[in-house]
Amino acid sequence: MKKKTYYITTPIYYPSDRLHIGHAYCTTIADAVARYRRMSGYDVFFLTGSDEHGQKIQRKAAEGNVTPKEYVDGIVASFQQLWLKLGISNDDFIRTTEERHHKVVQAIFQKIYDQGDIYKAAYEGKYCTPCETFWTERQLQDGNCPDCGRGVETVQEESYFFRMSKYQERLLQFIEENPEFIQPVSRRNEMINFIKQGLEDLCVSRTTFDWGIQVPFDSKHVVYVWFDALTNYITAAGYGQDDGKFEKYWPADVHLVGKEIVRFHSIIWPVILMALDLPLPKKVYGHGWLVVEGDKMSKSKGNVIDPVGLIEEFGPDAIRYFLLREITLGNDGNFSREALINRINADLANDLGNLLHRSLNMIGRFSDGNLPPCGELGEFDKQLQDLAKTTVAQYETAMDAMDINQALKLVWTLIGRTNKYIDETAPWALAKEEAKREQLHTVLHHLAAILRVVAILISPFMPHTAPKIWQQLGLGDDFAASLDDAKRFDGLPVGKAVAKPEPIFPRIEEKKEEEAKTSPVAAAKTAVKEKAPEQAAEISIDDFAKVDLRVVKVLAADKVKGADRLLTLTVDLGEEQRTIVSGIAQHYAPEDLVGRHVVMVVNLKAAKIRGIESRGMVLAASCDGKLAVVESSLPPGSKVK
Ligand code: MSP
């Protein structure tokens, strides 16, 4: 059977400068959608690229004393490296300076001219070079570009014009009949209002610079950069060069673009396509802007965030997760380092990392490190299976609607529920009774089965992490699961060995963060040793003997909701297991503690902390909160004297 196709594009970026985190945001969304469609069985064509012509680039190159081509070559190489580092899975990268593109632009310019929809006339108007956009006097705001607020230049040239006005009614009718065409709906309404004010013919050539594609029948003119740029979407799909490919992928399923360029994509581009008698794209989706600490990114403000530095510091998947989870598609969103670290620690290190670590640890200890079979289902197992099933169904609905944010929320609800399931089923308690062996294995089986589903569901967002989870679960080194695999809960190869758990997202220590932000002088000051605490009053050996100190093994650890400093620990005392609350959350991630042997005061009077009864206290150094860890060969319950 022929596969359904899916063609998704990002804007092609101007190589006037290196890309920032806002550009990475757009490409990451497109990548997540492309990967999701691939895993849903589509034959996907995912395109990104660079928009290399125009006055702005020509000027920049001149400032740097290089040719425009030399200038763009260097920057475009940095785009491609960035996408590689971020795990972007584009199927093609189009550069508007390529021969294949020149041919198409010239061919369509000629065709539209021949049919009388492009004509020559004198042009006098306003031009915003940073936006490469023409404006009429009436569209300016206080004499400036209504998009970016910068000054405009007066342009007086003989130019070619594209008869946009002729297509106004057809375009309006199309937008009105296809409510899905422009999304979100707020952008759609804006566009309808814009068109209703009247479409003017568009100036589509320039003569005052030459860094562009020549008009085929008039060598004094270069094609207007937006006419050139928009055409990339059909060039890459094979228009005029590979009919089979073009028929397969065109019309595009979605052009994903930033909100300020929706107008070009939902007005100029459709009219070009109408003039060419080609079908229009199915959707233009305008996403919001990423701002930094509430402010627009700009060089002059010095707040431009370089994605390469962030990827090197936190890894590509943490950055991808943050961008996709933190911002609702269509709305503006804020980037802050603090919010990024919070997300990494809470969602990735704690919720996901901890679930994986605890589960693998317990499979290691209670099932000889092999994926255990599933026995008869208990109430909690059934609930968990039901949730997994509805999660996959709702995830699919959300992703089909490009509601990435919602899809991620659903997956994290499942992760949270599964962490709770561990506490409810207490596998360490089941392990004590031979009669509960089947039940124990059923619980461990469910943990691995949920992690398998989670790995599949997060794979479009975190393509480096999903294979790591897969491999640690013993499911193989090559991750190639489909969405249908996530619908099957029984896909576990029972009996297969799991791997040694390796942390997938190390916790980012906030203390280190603080140090990183301070100057070397301030850092040096904090490094000065604290004064030793005063020694307490002398006690007799009998006094000391009253304190019952034991070696205990940490079986499970979890954060306490709403308390930054607290963890609940389930510890093994040899004869019994206990829960205690410990104020060490700022020094340890829960998964770092599981399996450690530490010293605990076992006869400390019980206390209720945040509603949890704590029976005992683990010993830690007061200066840095580090636990008194002992040899793991010491059996739990051993007395410390
Ligand atoms: N070259 C044109 C696009 C031509 S598509 C046929 C262009 N290039 S751009 O490099 O200026 O911008 C490319 C995309 O990056 C736009 O969709 C824009 O919205 C997006 N972003 C630029 N800054 C951004 C943020 N701060 N946040 C999110 N996206 C932002 O326009």
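Is D548 buried or exposed? D548 is buried, and its relative accessible area is 16%. The cut-off matters here: a residue counts as buried because its relative accessible area is under 20%. Please keep in mind that what you see is a predicted model.

I will stay with D548 for a moment. Its side chain forms a salt bridge with that of K639, at 2.9 Å from N to O. D548 sits in the loop between α22 (541–545) and β16 (549–560), while K639 belongs to strand β23 (residues 639–640). The two are 91 residues apart, and the pair links distant parts of the chain. K639 is partly exposed, with 46% relative accessible area.

Now to salt bridges in general. How many does the structure hold? The count is 43. I will go through two further pairs and one network.

D17 is partly exposed at 30% relative accessible area. K60 is also partly exposed, at 26%.

The other pair is D423 and R358, a salt bridge of 2.9 Å, N to O. R358 is buried, at 1% relative accessible area, whereas D423 is partly exposed, at 38%.

The network is next. Which residues are linked in it? They are E52, K69, D73 and R95, joined by salt bridges.

Last, a pair of helices. Helix α1 (residues 21–39) packs against helix α12 (residues 316–326) at an angle of about 90 degrees, and their axes are 10 Å apart. So α1 is roughly perpendicular to α12. Which residues of α12 does α1 meet? They are I319, R320, L323 and L324. From the α1 side come I21, A24, Y25, T28, I29, D31, A32 and R35. Sorted by class, this contact has eight nonpolar residues, one polar residue and three charged residues.

To go back to the opening question, D548 is buried, and its salt-bridge partner K639 is partly exposed.

Conventions:
Residues numbered from 1 in each chain as written. Predicted model: local features only at pLDDT ≥ 70, side-chain atom pairs only at ≥ 80, totals over all residues. Heavy atoms only, no water. Axes fitted to C-alpha atoms, helices over the stretch in contact; angles between N-to-C directions. Helix = DSSP H or I, 4+ residues; strand = E, 2+ residues; numbered from the N terminus. Parallel < 35°, antiparallel > 145°, perpendicular 65-115°, else oblique. Contact = heavy atoms within 4.5 Å. Nonpolar A, V, L, I, M, F, W, Y, C, P; charged D, E, K, R; others polar. Salt bridge = Lys/Arg side-chain N within 4 Å of Asp/Glu carboxyl O. Buried < 20%, exposed > 50% of the residue type's maximum accessible area, 1.4 Å probe, protein only.
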